[in-house]
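Let's take a friendly walk through this model, one region at a time. Have the 3D view open as you read.

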Amino acid sequence: AEPLLRVNNLKKYYSAANQAGFRHSVVKAVDGVSFDLREGETYGLVGESGCGKSTLGKSLLRLTEPTEGEAVYQGVDLFKQPRKAFQTYRRELQMVFQDPFSSLNPRQIIGQALEEALAIHRIGTPKERTLHAMEMLHTVGLQMEHYYRLPHELSGGQRQRIGLARALILNPRIVICDEPVSALDVIIQSQIINLMRRLQAELKLTYLFIAHDIAVVRHISDRIGIMYLGKLVEEADTDSLFANPLHPYTQVLLSAVPVPDPAARRQRIILEGDLPSPLDPPSGCAFHTRCPYAMDRCRTETPVQREAAEGHFAACHLI
Ligand code: SF4
Ligand code: MG
């Protein structure tokens, strides 16, 4: 079947002054990423902070304009749409952020914030919007009383429920979730993840779930893509990825995941060095400066994606 969204060769480059402040360099924040979002699935996008995953999410919604590439939704390339035409699709693609309240007015009650989303898209009468907002609070597991609360009167978990309500009140098909549980403690994290799974089934949603922690996406993702310095280095269904990680970077990420069974525990691989600056990425395979298996050719030759098993792709000279 056709994917719900097909992302093809997405690039987001921007220019930045170098440290000396006079020469401009090109930052390749997202550098040729392709993947499909299938209807009803959750695609986990994982990588260290600074790898370009948030930029990728924002580019899909054109919150930042992509430099190159396609995002085909219902046969239409979203990137080629004039601004005005894009707005009609925009409602069907919503985003949930790590801190939903950074975008909320601290003096506005929750109910108004929810209704505002509807008003912007000219949906319903004021009375219908109020009813819809109250229904939405119930949908995300909150009560009527929360309608009158101010943002600062809510806990972190309640805030993220509001973040979800704000996105879902527009009845989207795709929700891009950027680290939606990273600021929450473990118990609240699992409550929100469970809520998201329930909402996904009830409302037939498709998720792009962005996270730096692969353990967080494991139980919600059907497939996972691993990003390193603007590129997708591995993609597979979640079980295959955990059973047989192919890219050395994926192996490092998985070695850090706690497992209860000592026999199944992996040797923890500690990465040397920090994520290199995207201002001056390493040549060849960008991971070669930290890869335990780096060979001569890794410094000069950029590895291409290969399909090692059905639906399991990786970009490494060892594969
Ligand atoms: Fe390591 Fe070379 Fe594979 Fe890159 S291409 S991940 S440096 S072995
Ligand atoms: Mg981020």
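Helices H3 and H4 make a right-handed crossing in this predicted model. Their axes come within 9 Å and cross at roughly 120°. Angles of 65 to 115 degrees would count as roughly perpendicular, and H3 and H4 are therefore oblique to each other. On the H3 side, the contact is made by Gly 111, Leu 114, Glu 115, Leu 118 and Ala 119, which meet Arg 129, Thr 130, His 132, Ala 133 and Met 136 of H4.

Eight strands form an open sheet with mixed pairing, in the order E6-E7-E8-E3-E9-E10-E12-E11. Strands E6 and E11 stand at the edges with a single partner strand each, so one side of each has no neighbour in the sheet. From one strand to the next, the twist averages 20°.

Within this sheet, E9 and E10 run antiparallel and are joined by six bridges. Gly 225 stands opposite Glu 235 in E10. Helix H9 packs on the sheet, where it touches E3, E9 and E10, and its direction makes about 110° with that of E9.

Here are the helices discussed so far, for finding them in the viewer:

| Helix | Residues | Angle |
|---|---|---|
| H3 | residues 110–120 | roughly 120° with H4 |
| H4 | residues 126–139 | roughly 120° with H3 |
| H9 | residues 248–255 | about 110° with E9 |

Finally, which residues are the closest to ligand 1? They are Cys 285, His 288, Cys 291, Cys 298 and Cys 316, out of 14 residues that surround ligand 1. The shell divides into eleven nonpolar and three polar residues, with no charged ones.

Technical notes: Residues are numbered from 1 along each chain as its sequence is written. Chains are lettered from A and ligands numbered from 1 in the order in which they are written. This is a predicted model: local features need pLDDT of at least 70, side-chain atom pairs count only at pLDDT 80 or more; totals for chains, interfaces and linings use all residues. Two strands pair if DSSP finds at least two bridges between them. Helices (H or I, at least four residues) and strands (E, at least two) are DSSP runs, numbered from the N terminus. Axes are lines fitted to C-alpha atoms, for helices over the stretch in contact, and angles run from 0 to 180 degrees between N-to-C directions. Two residues are in contact if their C-beta atoms, placed from the backbone, lie within 7 Å. A residue is near a molecule or strand if its C-beta atom, placed from the backbone, lies within 6 Å of it. Ala, Val, Leu, Ile, Met, Phe, Trp, Tyr, Cys and Pro count as nonpolar, Asp, Glu, Lys and Arg as charged, and the others, Gly among them, as polar. Angles under 35 degrees count as roughly parallel, over 145 as roughly antiparallel, 65 to 115 as roughly perpendicular and the rest as oblique. A crossing is left-handed if the near helix is turned anticlockwise from the far one by less than a right angle, and right-handed if clockwise.
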